[in-house]
Amino acid sequence: MLERIHLLIIREVEQQGSLTAAADVLHVTQSALSHTVKKMEQQLGTAVWDREGRSLRLTQAGRYLLSLANRLLPQFEHAETRMKQYAAGERGTLRIGMECHPCYQWLLKIVSPYLSEWPDVDIDVKQNFQFGGIGALFGYDIDVLVTPDPLKRPGLRFEPVFDYEQVLVVSERHRLANAKYIKPEELTDETLITYPVETGRLDIYNQFLGPANVAPRRHKMIETTDIMLQMVASDRGVAALPRWLADEYADHLPVVSVKLGREGIAKQIFLGTREADAPIDYLTSFVELARAGNVAPVRIR
């Protein structure tokens, strides 16, 4: 009874906002789409949409089918793309999802030798996920997830690829520049600059400020590392970054790294993959290349 075209219709009507717009995307007439919708609801024995004038609102059954469509359709589309690539003699595309903003610089160092080793494999990098990084792996939106915070789930495998230390980066003129380590309460008068990530996923909050029940005077989000550290160098705020990244910028900017707390904050970067993809040679090769280390592990000092 339930066919793939039904899931496509439900997804497109929800995304486009109307039957007319969905019909354009699906390359059918509006009347043909309306007829298909009516027949689908008759076959299912329940309404998928409540009609309010010209607007459509999903029923409970419709919301369930939309959730199903968002999980299943990407897997169909991924499989079809793979089949086309196999038919054309191509190996495929390695789709990498990023849950680690500063890891772009690290990724570039991995990508270059990888592309040389696998000339028939393309790479695509994604950052925004409808259902988060784990959902993107399960939904076949990505093949590899780069994350500092792995979530163990049946069917997924996470491999640690390098260790690093999270540090506070301040200008050379900052009052904390010569400190051996930073205490949480010393940041109460500071502007903390971070990547645009929800506070609950930032290490400096959940491992440093939060346990001490402390907050900075101001929290400012900046997407690019270059601008972030230019702001820090100009005494416009302080930032929490991996030491290896901060050290790279310290070569050409007047910034220094200071340990967060007496013991520091030790972290690891993980690559998450689906266990079912273990036989895919170009995927496992990427993980092995990353683990071999184009960025030397940085231990807490």
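Q: Is the crossing in which H5 passes H10 left-handed or right-handed?
A: A crossing is left-handed if the near helix is turned anticlockwise from the far one by less than a right angle, and right-handed if clockwise. Here H5 passes H10 in a right-handed crossing. This is a predicted model, in which local features need pLDDT of at least 70, side-chain atom pairs count only at pLDDT 80 or more, and totals for chains, interfaces and linings use all residues. Residues are numbered from 1 along each chain as its sequence is written, and side-chain values use heavy atoms, with hydrogens and water left out.

Q: At what angle do the axes of H5 and H10 cross?
A: Axes are lines fitted to C-alpha atoms, for helices over the stretch in contact, and angles run from 0 to 180 degrees between N-to-C directions. The axes of helix H5 (residues 103–117) and helix H10 (residues 281–292) cross at roughly 130° and come within 10 Å. H5 is therefore oblique to H10; angles under 35 degrees count as roughly parallel, over 145 as roughly antiparallel, 65 to 115 as roughly perpendicular and the rest as oblique.

Q: Which residues of H3 are buried?
A: Buried means under 20% relative accessible area and exposed over 50%, with partly exposed in between (1.4 Å probe, protein chains only). In H3, the buried residues are Leu33, Val37, Met40 and Glu41. Seen down the axis of H3, they fall within an arc of 95° and so line one face of the helix; the arc is that of the directions from the helix axis to the C-beta atoms. On the other side of H3, Ser31, His35, Lys38 and Gln42 are exposed.

Conventions
Helix = DSSP H or I, 4+ residues; strand = E, 2+ residues; numbered from the N terminus.
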